[in-house]
Amino acid sequence: MDLSFSMKDDLENVKNLGTDLMREMQEITSDFRIGFGSFVEKTVMPYISTTPARLINPCTGNQNCTSPFSYKNVLKLTNKGDEFNRLVSQQQISGNLDSPEGGFDAIMQVAVCEEQIGWRNVTRLLVFSTDAGFHFAGDGKLGGIVLPNDGRCHLENNMYTMSHYYDYPSIAHLVQKLSDHNIQTIFAVTEEFQPVYKELKNLIPKSAVGTLSSNSSNVIKLIIDAYNSLSSEVILENGRLPEGVSINYKSICKNGVESTGENGRKCSNISIGDEVTFKISVESQKCPAHGKSETIKIRLLGFTEEVEVVLNFICDCQCAAEGEPNSDKCTEGNGTYECGACKCNDGRIGRLCECSKDEVRTEDLDANCRKDNGTDICSNNGDCVCGTCECKKRDNPAEIYSGKFCECDNFNCDRSNNKLCGGHGRCECRKCICDANYTGSACDCSLETSTCLAKNGQICNGRGTCECGVCKCTNPKFQGPTCEICPTCPGVCAEHKDCVQCRAFDAGEKKDTCLQECSYFELVKVKDREKLPQPTDQSFPLTHCKERDANDCWFYYTYAIRNDTTKEVFVVETLECPTGPDIIPIVAGVVAGIVLIGLALLLIWKLLMIIHDRREFAKFEKEKMNAKWDTGENPIYKSAVTTVVNPKYEGK
């Protein structure tokens, strides 16, 4: 498990993993053991901070973290789930600087330290849990580490002690060690790094990838699912093959499904009780140099059992036992005639044993093996034996040197699409002899013209030539698979407009040069548009055109190419000119429109005034109803009448 700081919440969920996983696995197997290891990163810069304080506590803030380390074997494999829980609960998160982690160092130590890990001769699973990427071979140079990983166990007191000395292992190195020790890997990684580890899974046989939740709460389900996936697949693997020996697999899987090649090595979706069959064929191209037997080991990935196949090579033909010693066919009995050839006695050489090693000088014989008095003997492709070139044999028996001076071969011809002679010919003396309908130095040029036919039935639309099945347009302004596209062309109708206009109506821009420039087509006049040829009636391409002259009159015509050469133009003999406008209705309409618009404006104005007056009157009435009149006397009012009373008057 990755114990860098980003996995802090994951550690809490793993602390009770031991007993829970034991309980789940008891439904699958009665003999289950579990161990725990942790990793962070190499303990050198720039992977971790090497300041004294950060070496003690690499985390920032008030976080309490343990010192960084490369790999620690916390608990060897045990059947005590409680012990797992206890030791994992004591673990603390650590930290590092960069995002990728040193998990490959941990995988290597887990694979090769069998005794310290406690591996047994049973199914071995390694669950690799992380939320980050990985360093691999070559990354150690950042920390000044250049020695390649030696693939050996370096655990002391359950700690990997050589992380600062050896580089990270390569992926191929890990694949070899995991395969040698029959370890099946389950990568439990977060969603973000799924694509990376799925690519890694494709490189490591018998491995699986599961999606780890952000806090590792689903780790038990992930392990169970990955185990079921791995246990339902059977993959065969063979050891190192002797030189010249090849092996082919054919699998007959569930429901009789057969596969060959790389897929012939494996069967998937296998359940308990299913039976699958593998057919293995071994082929040897040559005999071993030492003449001894060879051994091939074939085994199932994830299992320790293997099959040993002992190969005994039969290097002598059966006809050799029926050879004729001292045969007259071998120059005065100087050899044994067997299997249609002479096997010379000691001291004799040559195809028919005609030469003696003691009687001839090598330089005299070699002169007959040099082409054109050159310096190369047998073109460096053979040996000069008794003045005659004997060409070398190649590992591939289908590849042959030939010729008097071994100057020819059948495998050094030009290639196309990574195929000799493009797959359309045979190689003779380093030159391709092409099949019918193919040409070129690599037979990559097809003489078939069907790919150059345009929709109108013409080769390259009559604007190019068909070379190697591809149109080469003669005019650079045309392009496309059949020279049908012309981005700068005005079109068929616009192209022939002026010539049709001058010949049919004696008008247009080419009126004065009509005879010189416009005699390339045959002109036929028809009375109306219905008489023009229709596309459905023709077996050759036809274009309908509608163009306008300087007087805004339209004329109609068709342009066609008959028999790839004859150009025909059918044109309607009468122009379609627009009639002049009727002035009186136009003037009357304009006057009537002005009057109606004026009346409409007056009516609108009158309507707006009526609406305004009604609103003002309504406002007045409302204010009148709300008015309150005061009946008191005016304080500044003085009456004009004055009354004087005689004080002496007694009313008598």
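## Ground rules

A residue is called buried under 20% relative accessible area, exposed over 50%, and partly exposed in between (1.4 Å probe, protein chains only). This is a predicted model, so local features need pLDDT of at least 70 and side-chain atom pairs count only at pLDDT 80 or more, while totals for chains, interfaces and linings use all residues. Residues are numbered from 1 along each chain as its sequence is written, and side-chain values use heavy atoms, with hydrogens and water left out.

## Salt bridges

There are 15 salt bridges here, each one a side-chain nitrogen of Lys or Arg within 4 Å of a carboxyl oxygen of Asp or Glu. Take Arg-548 and Asp-552: their closest N and O atoms are 4.0 Å apart. Arg-548 is partly exposed at 40%, and Asp-552 is partly exposed too, at 43%. Shared partners also link Lys-297, Glu-306 and Glu-308 into one salt-bridge network.

Arg-86 and Glu-83 meet at 2.7 Å, N to O. Both sit in helix 4 (residues 81-89), three residues apart, or about one turn of the helix; helices (H or I, at least four residues) and strands (E, at least two) are DSSP runs, numbered from the N terminus. Arg-86 is partly exposed at 42%, as is Glu-83 at 26%. Glu-428 and Arg-426 also pair up, with 2.5 Å from N to O; Glu-428 is partly exposed at 38% and Arg-426 at 47%.

## Aromatic rings

The model has 14 aromatic pairs (Phe, Tyr or Trp rings, the six-membered one for Trp, with centres within 6.5 Å; planes under 30 degrees apart are stacked, over 60 edge-to-face, the rest tilted). Phe-134 and Tyr-197 go edge-to-face, at 5.4 Å between centres and 70° between planes. Phe-134 is in the loop between strand 3 (124-130) and strand 4 (155-156) and Tyr-197 is in helix 8 (residues 194-203), so this pair ties together parts 63 residues apart in sequence. Phe-134 is buried at 14%, and Tyr-197 is buried at 0%. Both belong to one aromatic cluster, along with Phe-39, Phe-104, Phe-128, Phe-136 and Phe-187.

Charges sit over rings as well (NZ of Lys or CZ of Arg within 6 Å of the ring centre and within 35 degrees of the ring normal). Lys-72 lies over the face of Phe-69 at 4.6 Å, and Arg-394 over that of Phe-411 at 4.1 Å.

## Around Ser-70

Ser-70 is found in the loop between helix 3 (52-56) and strand 2 (71-78), and is buried at 4%. Leaving aside residues up to four places away in sequence, its contacts include Phe-39, Asp-105 and Tyr-160, where contact means heavy atoms within 4.5 Å.
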